[in-house]
Amino acid sequence: MPEPAPPARNPTDPSHTGRPSALPYEEVTEPGYPASYTAGLRIEPTGDGAVLTGTCPRCHCTTVYTWTRSVVRAGRAGGAGPGVVPVPVLCVCTTEHPGRPGDEEGCGAYWNILLERERR
């Protein structure tokens with residue numbers, strides 16, 4: 001019998017940050033992760049990228065991911081139009097997840113989103 005899903009967490013609850021989670025670390029992605037992540041995503045442009053603040057679709061923790069254009073600008077993913085950049089995102093929450101390697105952050109979830117430059 002499969003284990004039940006962990007209860008949803010309130011990502012704005014400060015008592016949750018850095019606290020142990022029953023959800024174990026696992027490097028995994030799911031088709032619904034991008035839509036779930038972008039639903040409440042806040043984007044703060046920087047000189048060479050953006051700071052993405054959202055909720056991890058797997059562990060439901062707040063995750064602040066810094067994307068730097070120069071690191072991932074190797075090419076375009078199919079379907080990306082002019083001014084649209086594919087961005088790989090990782091959960092980098094500070095919550096403890098059992099089994100997480102010492103040199104890793106987050107719960108192990110990852111997904112891809114598309115960012116579009118604002119037109120001025």
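## Ground rules and confidence

Residues are numbered from 1 along each chain as its sequence is written, and side-chain values use heavy atoms, with hydrogens and water left out. Because the model is predicted, local features need pLDDT of at least 70 and side-chain atom pairs count only at pLDDT 80 or more, while totals for chains, interfaces and linings use all residues.

Mean pLDDT (the predictor's confidence in each residue, from 0 to 100) is 78 for the protein, with 69% of residues reaching 70 or more. Helix 1 has the highest confidence, at a mean of 96, and helix 2 (residues 69–72) the lowest, at 57.

Two stretches call for caution. Over residues 1–18 pLDDT stays under 50, and the model has 17 contacts (heavy atoms within 4.5 Å) for them beyond four places in sequence. Residues 72–78 also stay under 50, with 8 such contacts. Where pLDDT is low, the predicted coordinates should not be read in detail.

## The nonpolar core

A nonpolar core is a set of buried Ala, Val, Leu, Ile, Met, Phe, Trp, Tyr and Cys residues joined through side-chain atoms within 4.5 Å. Buried means under 20% relative accessible area, exposed over 50%, and partly exposed in between, using a 1.4 Å probe and protein chains only. The largest core here has 22 residues, and those touching the most other members are Tyr 37, Leu 52, Cys 59, Val 89, Cys 91, Trp 111 and Ile 113. Helix 1 and strands 2, 3, 4 (84–90) and 5 (110–116) each supply at least two of its residues, and strand 5 gives the largest share, 3 residues.

Leaving out residues up to four places away in sequence, Cys 91 touches a set that includes Cys 56, Cys 59, Cys 107 and Trp 111. Over in strand 5, Leu 115 counts as buried at 12% relative accessibility. The C-alpha atoms of Leu 115 and Gly 49 are 9.9 Å apart, although 66 residues separate them along the chain.

The whole structure holds 2 aromatic pairs. Rings of Phe, Tyr and Trp (its six-membered ring) pair if their centres lie within 6.5 Å; planes under 30 degrees apart are stacked, over 60 edge-to-face and the rest tilted. Tyr 33 and Trp 111 make an edge-to-face pair, because their centres are 6.1 Å apart and their planes at 85°. Tyr 33 is in helix 1 and Trp 111 in strand 5, so this pair ties together parts 78 residues apart in sequence.

Trp 111 is buried, at 2% relative accessibility. Its ring also pairs with that of Tyr 37, with centres 4.9 Å apart and planes at 55°, so this pair is tilted. Tyr 37 is buried at 1%, and Tyr 33 at 9%. Tyr 33, Tyr 37 and Trp 111 form one aromatic cluster.

Arg 58 lies in the loop between strand 2 (49–55) and strand 3 (62–68) and Glu 26 in the segment before helix 1 (33–38), so the pair ties together parts 32 residues apart in sequence. Arg 58 counts as buried at 11% relative accessibility, whereas Glu 26 is partly exposed at 43%.

Conventions: Helices (H or I, at least four residues) and strands (E, at least two) are DSSP runs, numbered from the N terminus.
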